[in-house]
Amino acid sequence: MDDIRAPDRASSISTGVRVWPSKRYAKMHRDSIEDPEAFWDQQARKLEWQKTWDHVLEWKEPYGRWFVGGKLNACHQCVDRHVHTWRRSKVAIYWEGENGETRVLSYSTLFREVNHFAHMLLSLGVTKGDRVALYLPMIPELPVAMLACARIGAVHTVIFSGFSAQAICGRIGDTRAKVIVTSDGGLRRGKIVPLKDIVDQALPACPSVENVIVVRRTGQAIHMREGRDHWLSKDMTGAHVFVEPVAVESSHPLYVLYTSGTTGKPKGIVHGTGGYMVFNYVAYQWVFDIREESVYWCTADVGWVTGHSQIVYAPLSHGAAVVLYEGAPDYPAVDRWWDIIEKYGVSIFYTSPTAIRMFMRHGEKWPARHDMSSLNLLGSVGEPINPEAWYWYFRHIGGERCPIVDTWWQTETGGIMISPTPGIDPLALKPGSATFPLPGVDVAVVDARGNELEAGETGYLIIRKPWPGMLLDVYEDPARYREAYWSRFPGSYYTGDFAMRDEDGYFWLLGRADEVLKVAGHRLGTAEIEDAAIAHPAVAEAGVTGRPDELKGETIVLFVTLKEGIPPSDALKKEIADLLRETIGPVAAPGEMYFVDSIPKTRSGKIMRRVLKAVASGKDIGDLTTLEDEASVEEVRNALARLGHTGAPPPADSSH
Ligand code: WT7
């Protein structure tokens with residue numbers, strides 16, 4: 001972290017003005033691309049290593065191993081490093097419970113709690129390389145448990161606390177986690193979500209789990225099975241244990257995090273330690289211009305990659321003060337978030353376009369009730385931000401003082417890849433553009449054959465060089481790793497996104513190019529939803545597409561054919577929607593569902609998604625008469641007719 005400087009942001013705001021990237025940024029980026037190893041060698045020295053690396057990068061396509069031979073510990077970077085300095089008394093986490101309860105953890109408190117937790121894991125026989133599942137609400141014990149795993153070299157896999165028992169089973173089945181950590185419950189809109197009960201439902205199908213650690217949060221009665229379930233003792237007497245952080249190899253896995261892809265089963269994205277920590281450390285400085293006095297709040301759930309990198313590993317490795325909020329954004333009232341900003345004097349605020357659009361609907365009177373003059377930088381992540389939402393955010397949250405960093409990245413990239421970098425230099429922003437790649441990041445927009453496109457042309461976003469935050473692998477599925485990311489454009493990483501670079505060199509991220517949906521910023525595979533729907537006994541076939549939505553960016557449109565002789569009904573619709581909620585999670589509930597005679601498929605059985613999309617969005621079907629895979633013009637026409645396509649949704653035979 002740099003020395004304390006007075007924030008001066010005004011110079012970095014010049015929206016809509018045509019300005020090339022600053023000289024300082026341009027030089028840094030050029031140097032980093034010309035000699036990446038020298039560049040990353042320098043950056044990596046900003047962390048504390050127990051052993052320095054022998055090679056900066058070992059690239060055996062498609063595997064990149066960074067800082068080979070080096071040893072370090074991620075928990076040491078985030079905790080121990082600070083307790084040896086004045087930061088021991090600095091706030092690490094301001095926790096705000098949904099019910100108004102608060103806790104403040106200094107770095108030295110965090111140190112104690114992490115050691116205590118690590119000790120408990122060790123006492124349950126968890127050792128280096130073992131997987132530990134974390135199914136916790138947004139309470140301090142979640143980052144504490146992650147750091148405790150990292151401390152002993154165990155690999156955490158965080159399961160979003162909105163997920164169902166079935167989703168827990170899938171992830172635990174895949175990783176064979178030995179221990180799961182949960183709480184009695186979590187609070188959401190004033191109600192208790194019974195997390196331990198959900199874990200109890202999952203456990204009979206999770207034979208790998210030997211022990212369950214339970215954190216007390218909501219206090220209701222739960223079932224504790226003798227010998228298997230253990231309370232995390234809140235009694236910190238005798239907690240002055242010290243657990244030595246294990247210096248792990250740079251590419252030792254830090255965590256596995258599941259995300260949706262183009263097939264039914266979510267992929268376990270594996271991130272390593274050295275490359276991931278270095279990349280996040282420097283990116284956090286460049287993008288958020290973090291300072292000692294900053295109070296930083298990222299509203300994501302720790303269950304997603306944004307929470308992993310931008311709530312835990314990047315900020316804590318800088319010794320930053322982080323706000324952690326447990327509950328719903330609009331509970332008990334629509335100004336809860338603005339109240340939190342005022343209460344803690346938040347200076348850097350990072351959220352999603354969907355949230356901004358939701359608040360925009362409620363009107364500016366809510367933020368106007370609060371003094372948010374502490375803010376000096378805003379961020380956006382997860383989906384493209386439309387200029388209207390951008391301006392509303394800029395005006396009504398940032399008071400026209402704060403630049404907005406629109407950060408593009410993915411679970412797989414580990415850290416931010418394309419974003420303004422006020423920590424390097426002020427930069428003219430263009431609302432809706434994530435601007436330029438970070439130093440060390442080599443991205444390009446290409447056509448289907450991999451040729452770089454001219455300014456203004458839309459194509460596929462690829463990454464041409466390995467970067468330190470890159471995923472190590474797909475958990476125990478190297479074939480899928482190759483196939484998903486490295487097969488389409490040989491030698492380059494395929495992001496699955498559409499993008500365009502304008503004449504000034506600014507990047508515009510235009511949404512997914514593959515069969516992945518982004519609903520309220522959450523990533524869902526169309527195949528994943530279809531697989532879940534056909535598990536319903538009445539369903540013969542299912543086809544999913546996305547439809548643009550003003551609030552959520554995209555909503556799910558589900559087409560279903562029912563088995564012979566089963567009549568469509570609203571009750572059935574509800575059952576199928578409930579099943580999706582159960583199997584995948586509440587975000588998978590379809591916005592619309594239609595019963596149709598058949599799902600349009602090519603001869604090889606591939607769903608003709610463009611046909612579904614055209615029907616769902618009421619688009620003109622003109623361009624659909626070009627052949628899609630093996631489908632003939634005739635087949636496409638027939639399919640459209642069967643869906644009752646008249647040029648406008650919904651199809652004739654379906655009630656919503
Ligand atoms: C996908 C990755 C890692 C951040 C949280 C989401 C979309 C992400 C932006 C942005 C336009 C964006 C892309 C990407 N996306 N940030 N600033 N502008 N689109 O992580 O769930 O792995 O999703 O989110 O489509 O591929 P994720």
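Select D442 and K465 first: a polar contact of 3.4 Å joins their side chains. The model on screen is a predicted one, so read each stop as a feature of that prediction.

**Stop 1: around D442**

Keep D442 selected. D442 sits in the loop between β20 and β21. Is D442 buried or exposed? D442 counts as buried, because its relative accessibility is 9% and the cut-off for buried is under 20%. Now show what surrounds D442. Beyond its neighbours within four places in sequence, D442 is in contact with I33, I462, I463, R464 and K465.

**Stop 2: T435, in the loop between β20 and β21**

Select T435, which also lies in the loop between β20 and β21 (443–446). T435 is not a glycine, yet its phi is positive, at about 65°. Most residues other than glycine have a negative phi, and most peptide bonds are trans. T435 has 0% relative accessibility and therefore counts as buried.

**Stop 3: the ligand**

The shell holds 17 residues, and the closest are D406, T411, D497, R512 and R523. By type, the shell divides into six nonpolar, five polar and six charged residues. Which elements each supply at least two residues of the shell? They are α9 (305–317), β20 (404–407) and β25 (507–512).

Start with D406, where a polar side-chain atom lies 2.7 Å from a nitrogen atom of the ligand. Go on to R512, which has a polar side-chain atom 2.7 Å from an oxygen atom of the ligand. Finish with K518: one of its polar side-chain atoms lies 2.8 Å from an oxygen atom of the ligand. How much of the ligand does the protein cover? On its own the ligand has 560 Å² of accessible area, and the protein covers 95% of it.

**Stop 4**

In soluble globular proteins, nonpolar side chains tend to be buried together.

Center the view on Y313. Apart from its neighbours within four places in sequence, Y313 is in contact with A74, C78, M146, L147, A150, H156, L254, Y255, Y276, M277 and H308.

**Stop 5**

Select D289, in the loop between α8 and β16 (295–298). D289 is a residue other than glycine with a positive phi, near 50°. D289 counts as buried because its relative accessibility is 3%.

**Stop 5: two cis peptide bonds**

Select E61 and P62, which are joined by a cis peptide bond with omega at about 0°. P62 belongs to the loop between β1 (55–60) and β2 (63–68). Then move to Y331 and P332. The peptide bond between Y331 and P332 is cis, with omega about 0°. Where is P332 found? P332 is in the loop between β17 (321–325) and α10 (336–344).

**Stop 6: helix α15**

Select residues 526–534, which form helix α15. Is this helix mostly covered or mostly uncovered? Helix α15 is mostly covered, with seven of its nine residues buried. Those buried residues are T526, A527, E528, I529, E530, A532 and A533. To see what they pack against, show the strands β26 (516–519), β27 (522–525), β28 (539–549) and β29 (553–562).

**Last stop: the whole chain**

Zoom out and color by secondary structure. The protein chain contains 18 helices and 30 strands. Of its 656 residues, 61% are buried. Among contacts in the chain with a separation of 6 or more, 71% are between residues 24 or more positions apart. Switch to a surface view to end. The accessible surface of the protein chain comes to about 24400 Å², and 52% of that belongs to carbon and sulfur atoms.

Note on methods. Residues are numbered from 1 along each chain as its sequence is written. This is a predicted model: local features need pLDDT of at least 70, side-chain atom pairs count only at pLDDT 80 or more; totals for chains, interfaces and linings use all residues. Side-chain values use heavy atoms; hydrogens and water are left out. Contact means heavy atoms within 4.5 Å. A residue is near a molecule or strand if one of its heavy atoms lies within 4 Å of it. A polar contact is a pair of N or O atoms within 3.5 Å; within protein, one must be able to donate a hydrogen and the other to accept it, and residues adjacent in sequence count only if both atoms are side-chain atoms. Accessible areas come from the Shrake-Rupley method with a 1.4 Å probe; for residues, only the protein chains shown count as cover. Helices (H or I, at least four residues) and strands (E, at least two) are DSSP runs, numbered from the N terminus. Ala, Val, Leu, Ile, Met, Phe, Trp, Tyr, Cys and Pro count as nonpolar, Asp, Glu, Lys and Arg as charged, and the others, Gly among them, as polar. Buried means under 20% relative accessible area, exposed over 50%, partly exposed in between (1.4 Å probe, protein chains only).
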